[in-house]
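Please look over the fold below with the coordinates open.

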Amino acid sequence: MLMLPPSVRIFVSSAPADMRWSFDRLAAVVQEVLRESPWSGHLFVFRGRRGDRVKILWWDRGGLCLWYKRLEKGTFRFPDGDAVRVEMDAGELAILLEGIDLAGAKRRDRWTPSREAEAR
């Protein structure tokens, strides 16, 4: 499973990206389409049109980093939706990168602190 600090958010672009795009073009998509900062330290996930490739862009102290994976067989199962972007947690990203379809997964209720607990 991916171990990321809780402050790192993961945004998945709903629209397919051209897998020939590199750092600058993907960073521009993060700014213009996803309305986020590519220098935030968050992860930005892009899928190829055929669904068998994925790129992840993030900022790491001194520069942009790009991670790229191509499946030899099958496709990644990205979340459906009409939104421009979908936010997921590290566990969901790990499952997606393993080729597991998130549509059939059921999330259990989680505890979240109430506003009173946050005020303490």
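R47 is placed in strand 2, where helices (H or I, at least four residues) and strands (E, at least two) are DSSP runs numbered from the N terminus. A polar atom of the R47 side chain lies 3.2 Å from the backbone oxygen of S14, which falls within the limit for a polar contact, a pair of N or O atoms within 3.5 Å; within protein, one must be able to donate a hydrogen and the other to accept it, and residues adjacent in sequence count only if both atoms are side-chain atoms. Not counting residues up to four places away in sequence, R47 touches S14, P16, A17, M19, R53, V54 and F78, with contact meaning heavy atoms within 4.5 Å.

This is a predicted model, in which local features need pLDDT of at least 70 and side-chain atom pairs count only at pLDDT 80 or more, whereas totals for chains, interfaces and linings use all residues. Residues are numbered from 1 along each chain as its sequence is written, and side-chain values use heavy atoms, with hydrogens and water left out.

**Overall make-up**

- The protein has three helices and five strands, and from the N terminus on its elements run β-α-β-β-β-β-α-α.
- Of the 120 residues in the protein, 32% are buried, where buried means under 20% relative accessible area, exposed over 50%, and partly exposed in between (1.4 Å probe, protein chains only).
- Among contacts between residues at least 6 apart in sequence, 53% join residues at least 24 apart.

- The five strands form an open sheet with the order 4-3-2-1-5 and mixed pairing, two strands being counted as paired if DSSP finds at least two bridges between them.
- Strand 4 (63-70) and strand 5 (85-88) stand at the edges with a single partner strand each, so one side of each is left without a neighbour in the sheet.
- From one strand to the next, the twist averages 25°, with axes taken as lines fitted to C-alpha atoms, for helices over the stretch in contact, and angles running from 0 to 180 degrees between N-to-C directions.
- Strand 1 (residues 10-13) runs parallel to strand 2 (residues 43-47) and is joined to it by three bridges, with I10 opposite L43 and V12 opposite V45.
- Strand 1 and strand 5 run antiparallel and are joined by four bridges, and F11 stands opposite E87 of strand 5.
- I10 and V12 point one way from strand 1 while F11 and S13 point the other way, and all are buried.
- The chain passes from strand 1 through helix 1 to strand 2 in a right-handed β-α-β crossover, a term that applies if, with the strands pointing away from the viewer, the path from the first strand over the helix to the second runs clockwise.

**Helices and cores**

- In helix 1 (23-32), the residues L26, A27, A28, V29 and V30 are buried, and what covers the buried residues of this helix includes strand 2, strand 3 and strand 4.
- Helix 2 (residues 90-97) lies across strand 1, strand 2, strand 3 (53-60), strand 4 and strand 5, and runs at about 110° to strand 5.
- The largest nonpolar core has 14 residues, and those with the most contacts inside it are I10, V45, F76, F78, L93 and L97; such a core is a set of buried Ala, Val, Leu, Ile, Met, Phe, Trp, Tyr and Cys residues joined through side-chain atoms within 4.5 Å.
- Strand 1, strand 2, strand 3 and helix 2 each supply at least two residues of this core, and the largest share, four residues, comes from helix 2.
- Another core, of 11 residues, lies apart from it and has M19, A27, F44 and F46 among its members.
- L97, leaving aside its neighbours within four places in sequence, is in contact with V54, I56, W67, K69 and F76.

**Loop residues with positive phi**

- Most residues other than glycine have a negative phi.
- R35, which is not a glycine, has a positive phi of about 60°; R35 is found in the loop between helix 1 and strand 2 and counts as exposed at 65% relative accessibility.
- R61, also a residue other than glycine, has a positive phi near 55°; R61 lies in the loop between strand 3 and strand 4 and is exposed, with a relative accessible area of 80%.
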